[in-house]
Amino acid sequence: MSASVPLPATDVAHEAPFWEGLREGELRMQHCSACGRWQFPPLLGCGGCGRPVAWLRVSGRGTIWSLTEIHPPVLPAFAPLAPYLVALAELDESPVLRMVGNVLPAQGGAINTLRLSDVSIGMKVTAAIEPLGEGVFWPRWRLVPG
Amino acid sequence: MAFKDSTAIVGVGQTRFGKGLAESELELACQAIGAALADAGIDPAEVDALGSYTMEETPEFEVARNLALGDIHFFSRVNYGGGAGPGAVGQVALAIAAGIAKVGVVWRSRKRADPSSRVWANTPPVIRDHWKWSRPSGLLRPVDEVALLARRYFHDHGEGRDALAEIAQQQRRYANANPAATMRDRTMTRDDYFAARMVADPLCLFDNCLETDGAVALVLTAADRSRDCRRRPVLIHAFSQGLARGHQSMTDYHRADPFDGSSGVTARNLWRQADFGPADLSVAQIYDAFSPLVLFSLEAYGICGRGESADFVRSGGLSPSGKLPTNTSGGGLSEAYIHGMNLLSEGVRQLRGDGATPIAGARTCLVTGCDSTPTGALLLRAAA
């Protein structure tokens, strides 16, 4: 059992713009100009029509589609943090752009700062791109005040 | 080639279910298969087809030589854990219906009671498969993935933990009547349910299946041959697998409508083949690694309308006297978790009239695989 947070492999050719974007502080998503479809996770081509896709920067703004509060038993790296929140955020650009991430207060903080009673489905969030490990970044979802 | 009703399940067998069983997975597999062949009254040397799950660790050749099976003409394995069971049965049935094989065995044997054997606990330090998109954020276990869908479902259709409690309690009541169930002696009240520890909110301990050691096996043959077997045959009326367009296993929330997924694909193809519809089902065995999968599947297979399954459950729909008695052995939540194979054996028993809680006059049964993975389902029918 791994003691550190498991990391995503970032050396997959067709995903390179996604991971590069995160390293540069941007969230980039695949878009098909032929059929207008956005998609995540990245695929080799458009999952709707099979044509090539382009990478476009997205706003990082979205809403909470769902969330859960994780309780033990968990992997050792997460044990000191439990219970903690994990959400699925739906990006403003498209209802099918949904990404998993932790939920943070508006001012940022640790992934176990908020409790379930602080967050509900439909709340506005914005991506805070943070390191998961050496050279690997991922968005966390920061609540938008108001 | 007409598939409908051309094959039958003629034998079921199982080991005892429990934690820390002494036997190896191979011994358990052979015990269950031996019992199923004895139940069918078929000589092991007649078996010429084998089917199981890709996650099964007992090889076909070990099973075959340890049980003195005959020459084998067909063997297949189906992927995706709890989504595999109906597919494993259906593929062997297809081989028999096509004339490639004559007698098939489908089995699943596992020793999962040891926590170190859980798949999620063995997440690698660098994730190369599709779990790379979720596990680094701490969404670690299958229950976490189902919890996201359950909370969304409650948001869309109304708070439903009381319905999950009713599923858990009803299946426990069935288990309390089943001498083979690991939970036969342990009752569950509504207070017990709501006092249980949270695992992935809104899902608590009792929304999770049991981790069990044990094995279950089925014997299949052609319908015309089945009339000479020891037990009343149960016909395989229809079969489909399902993998929805754009599906991602267990984390299937990137499509526009995560509640119309691989179960819906399976269901539409199943009912297209069938001579009867959802309202004609006598019983159902619905894959229940987690209680919300029962809610989602009731809707996907057309037993309830969209958003109506919680009320169906609350009104006692799953009970012996309800509209559709479901998971009548206690299922994965309260009998044993043999990756859904014990749902298949219970479906057969109900149509033979020898379930632990027999449903009077049962003629038809739906058996489903996991709602969250590429999946499959069978419609079973009692022979006339």
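Reader: What share of the contacts in chain B with a separation of 6 or more do residues 24 or more positions apart account for, and what makes two residues a contact?

Author: This is a predicted model, in which local features need pLDDT of at least 70 and side-chain atom pairs count only at pLDDT 80 or more, while totals for chains, interfaces and linings use all residues. Residues are numbered from 1 along each chain as its sequence is written, and chains are lettered from A and ligands numbered from 1 in the order in which they are written. Two residues are in contact if their C-beta atoms, placed from the backbone, lie within 7 Å, and of the contacts in chain B with a separation of 6 or more, 78% join residues 24 or more positions apart.

Reader: How do you know whether the radius of gyration of chain B agrees with that of a compact globule?

Author: The radius is taken over C-alpha atoms, and the globule rule is 2.2 Å times the number of residues to the power 0.38. For 384 residues a compact globule would have a value near 21 Å, and chain B has 19 Å, which agrees. The C-alpha trace of chain B spans about 55 × 45 × 45 Å along its principal axes.

Reader: What makes a residue of chain B count as buried, and what percentage do?

Author: A residue is buried if 20 or more other C-beta atoms, placed from the backbone, lie within 10 Å of its own, and 61% of the 384 residues of chain B count as such.

Notes:
A residue is buried if 20 or more other C-beta atoms lie within 10 Å of its own, exposed if 12 or fewer, and partly exposed in between; C-beta atoms are placed from the backbone.
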